[in-house]
Amino acid sequence: MLTRLLRTYTRPYMGTIIVVLAITIFQTWINLQLPSLNADLINQGVALGDSEYVFQVGSQMLALSVVLVAVSVVAVYLASKVAMSIARDMRNDVFDKVLRLSPYEMDLFGTPSLITRNTNDVQQVQLLLTVGLTMLASAPITVIGGVIMAIHHNAKLSILIAVAVPLMAGVIGVVMTKAVPEFRKVQKRIDRINGVFREQITGMRVIRAFVRDDFEKNRFAQANASLMMTQLGINRLFAFAMPGLILILNLASVGVVWFGGHLVDNNEMQIGDLTAFISYLMQILGSVMMATMMLILIPRAAASAERINEVLDHELVIHDPEDPQPQGPVGRVRFDNVTYFYPGAEVAVLRNLSFQLVPGQLTAVVGSTGSGKTTLVNLLMRFVDATEGTVYINETDVKQQNVDDVWGAVGLVPQRPYLFQGTVRETIQFGRDISDEDIWAALEIAQAADFIRELPEGLDAHVAQGGSNFSGGQRQRLAIARAIARKTSIYVFDDSFSALDASTDARLRSALIAHTREATVLLVAQRISSVINAERIIVLDDGHIVGMGTHHELLQTCATYQEIVASQQTAEALS
Ligand SMILES: Nc1ncnc2c1ncn2[C@@H]1O[C@H](COP(=O)(O)OP(=O)(O)OP(=O)(O)O)[C@@H](O)[C@H]1O
Ligand SMILES: [Mg+2]
């Protein structure tokens, strides 16, 4: 998983990566030279009292050290840059994928998990890359080069290295096998915290209204504590491992001084070689420890990579066809015997729906709550795919068109419209280039012009996230204006007038009818008064079409429609 992800994403940066590797190899090579030069300096300079030689070798070492610092800076800079660029690319790709998920797939992953995946998980991979790129080449070269140099200075003492390195490797191996599953747990726990936290922020008012602060506090505390316990467990593992590794390192250097001291005493080794040997030992074991640091990052990054890949590899349910078909004449919608089951559901929410929408006609859909109206809209928009039957937009099967073509053909006001943060102008434009004149025209139709005009900043007034600084009815009207400003040939309003009072509703509808004379309009509503003028009304009951016709026809023929009308008349009489 991790290697596949890295292979894909490192490809565009191969040039820089090779430069980084080349620099680290060069850097490691300098590092390996220094102790040997130092040995020469001691053996042939200090021991023989040749101060000129000391100065000469000393300045050589100084020059190498300066170069070493310079190239290290460049290597770290380049490595970080590559790692950050790769993280950016991954986040972009995950985001693109998430934009294409259907509501059902969104639930499958869960919003908080998608957020964690695209932030924290990507960061884990980035961290591994930053550290890995600078250490990847240097650690093995230091170990191998160090061993060769050490043997060169004294073969007998090198036995100590042969003992210390496998010991360290053993300790590391044990820690790793225990840590990997724990790291996977940590990411899950972070998901959980994000989930609880997000829900609590969203539902803040409900929590207060029901005085559920303590209950919710407790729920968060539990999620929080479980993350802490998992992390604590991992740290405990490393708390044992680190001192163990340092102990091995120190015992090895004590061993070298002890046995090396005897060798020097017996004139079997020069003092300079002993110092060089100790330096190499430190370099080798230091590299092993550094590599461990890097290896610690691998299981966590691997767990994260798996989670990122799950999103990237996810086969989209709603996707572009291989051979997309162009749309026919605009403004046409046709449902041909459409049946839809929610994933896993035993009963169909919509069964055998057949109807047509044509330009210049206003069609309304009425039905009690839960009768499947929004589901019908979702099918029309291809947010979900019909289980059986076919939905045609502009005389082409929606599954045979590019998804953007379908979405682009319809101006939708969803039942729960979401307003994005920005100004009123940006809200209506929504990424397109729309003149102020057209914006005002759209606001005028949506009956939103009055209250926007009253704002001191007018079109520059601020819209908070979700439109929370506007009332429910104002939000609905802004969402309607946003859809109207798109100037599509098909408009769909899903219960978009529910928060409006009767007179605003009436004014909006007549302005809308005047504006959309040429267009195809589907209007989902609860109130009969909202649909009374529609050229055609579709009555939905429990997923079936039980009536279709004008208000007057349905009053004669459709029992369900009569019931709805009767119930609303009673309500009106009471009010
Ligand atoms: N994501 C989903 N997964 C499973 N079942 C769902 C899902 N969304 C809706 N349903 C079910 O489908 C049925 C129809 O829902 P739908 O939202 O289409 O009703 P509606 O007519 O728009 O209702 P309302 O007037 O309240 O908006 C409901 O009974 C609901 O339980
Ligand atoms: Mg609905």
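Start by selecting helix H3 (residues 51-99): at 1.5 Å a residue its 49 residues should span 72 Å, and its end C-alpha atoms are 72 Å apart, which agrees. The expected span here is 1.5 Å times one less than the number of residues. Helices (H or I, at least four residues) and strands (E, at least two) are DSSP runs, numbered from the N terminus.

Before you go on, note that this is a predicted model: local features need pLDDT of at least 70, side-chain atom pairs count only at pLDDT 80 or more, and totals for chains, interfaces and linings use all residues. Residues are numbered from 1 along each chain as its sequence is written, while chains are lettered from A and ligands numbered from 1 in the order in which they are written.

Stay on H3 and colour its buried residues: Ala75, Ala79, Val82, Ala83, Ile86, Ala87, Met90 and Val94. Buried means that 20 or more other C-beta atoms, placed from the backbone, lie within 10 Å of the residue's own. Now show what they pack against: helix H1 (2-10), helix H2 (14-46), helix H5 (111-135) and helix H10 (271-313). Contact here means C-beta atoms, placed from the backbone, within 7 Å.

Zoom out next. The domain assignment, automatic or from a database, gives domain 1 (2-313) and domain 2 (333-574). Their centres, taken over C-alpha atoms, are separated by 55 Å.

In domain 2 (333-574), select the open sheet of 4 strands, ordered S2-S1-S4-S5 with antiparallel pairing. S2 and strand S5 (396-397) stand at the edges with a single partner strand each, so one side of each is left without a neighbour in the sheet. Two strands pair if DSSP finds at least two bridges between them. Walk through the pairs:

- S1 (residues 333-340) joins S2 (residues 350-357) by 5 bridges, with Val338 opposite Leu353.
- S1 also pairs with S4 (residues 388-393) over 5 bridges; look for Asp336 opposite Thr390.
- S4 and S5 are joined by 2 bridges, and Tyr392 has Asp397 as its bridge partner in S5.

Then jump to strands S11 (residues 536-541) and S12 (residues 544-549), an antiparallel pair with 5 bridges. Ile537 stands opposite Gly549. The two strands form a hairpin with 2 residues between them, and Asp542 in the turn has a positive phi of about 50°.

Finish at ligand 1, surrounded by 13 residues, the closest being Tyr342, Thr369, Lys373, Thr374 and Thr375. Each counts if its C-beta atom, placed from the backbone, lies within 6 Å. Helix H11 (residues 373-380) gives the most to this shell, with 3 residues.

Notes
Buried ≥ 20, exposed ≤ 12 C-beta atoms within 10 Å, placed from the backbone. Contact = placed C-beta atoms within 7 Å.
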